[in-house]
Amino acid sequence: VEINLADQTSLNWEEAFVAAVLNSSHTGAITLPMAESSFGVISSETIYSDARLVAAGYILMFCYTILMLGKWNSVEVRLYLSMVGILGIGMGLVIGLSISSVFGYPYTPLHAMLPFICLGIGIDDMFVIVQCWTNLSMDSSTSIAEKMGLALQHAGVSITVTSLTDIFAFGVGAFTRLPGLASICMGTSMALGAIFLLQVTWFIAWMTLDERRVAAKRDGVLSCITHKEDSKGISCSPQKESSFSLSSMFQRLLYSKVLMVFTCLLTAGLFGVGAWGWSRTVSYTHLRAHET
């Protein structure tokens, strides 16, 4: 994980040096060793100790994806589609790191942030594609393949533009003189490019299969079970014609005058606190400069 290359003998010597200094004791003094590999060791321990947070983040986004992509009934739920979408992001991450390694960019402890970056940016394409599919109003004679093409016609410009801007934004950082920053920018740029290609190929293929399952009234969890033509299986809102939607709840909240007033007051309060903190910081800086 080191940017500066070193042989195993040097690394062993530095490890023994750090251990010897830490095990030594001095009266009235504290000895803190520092070697060339100390930064990498401490950074690796700090970053990799939060690996459980990475897993928790992916589980949280997985649950959110299931909630947003599908509906609250056993036929239209998109459990497996969400799984392959998250898997596609992981595949793109591996592809991006492989390509950047071929170009000679080393793996550093900072690369542990890549799963968060790729998940946050790459998962947006899934939502755009599914939303464009949902917004289409076609008759029953339209085939799934034709409807999928029309959905991509609407979503293609959006996901292409956003993906290209992210790819070039991180790609520019690959030309910096800082080796660690250049390496992570190159890896992120390649990963986002791979994720974009997987979303318009891998994800679309699985979404087509999932829509065929919905059309055949097969269960979203146990696909071997086929429901009746006028049934949507087990639903969390059986009394309603459509399943519960978060967008409808947000729509009601946005039209609430109480929420409007609260938002204005909260914004003004945060602005006042920020201005007060900024003024104190400036005053303290001027005071320290005067004392110096």
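**Notebook: contacts, rings and a kinked helix**

I started with Asp125, which touches Ile159, Thr162, Ser163, Phe196 and Gln199, leaving aside residues up to four places away in sequence (contact means heavy atoms within 4.5 Å). This is a predicted model, where local features need pLDDT of at least 70, side-chain atom pairs count only at pLDDT 80 or more, and totals for chains, interfaces and linings use all residues. Residues are numbered from 1 along each chain as its sequence is written, and side-chain values use heavy atoms, with hydrogens and water left out.

Asp125 lies in helix α5 (helices are DSSP runs of H or I, at least four residues, numbered from the N terminus).

Next, rings. I found 3 aromatic pairs. Tyr64 sits in α3 (residues 51-69) and Phe127 in α5 (residues 114-135), 63 residues apart, so to speak linking distant parts of the chain. Tyr64 is partly exposed at 36% relative accessibility.

Last, α7 (residues 179-215): its 37 residues reach 52 Å from first C-alpha to last, close to the 54 Å expected (1.5 Å times one less than the number of residues). I saw a kink of about 40° centred on Leu198 in α7 (the angle between axes fitted to the seven residues ending there and the seven starting there).

Technical notes
Rings of Phe, Tyr and Trp (its six-membered ring) pair if their centres lie within 6.5 Å; planes under 30 degrees apart count as stacked, over 60 as edge-to-face and the rest as tilted. Helices (H or I, at least four residues) and strands (E, at least two) are DSSP runs, numbered from the N terminus. Buried means under 20% relative accessible area, exposed over 50%, partly exposed in between (1.4 Å probe, protein chains only).
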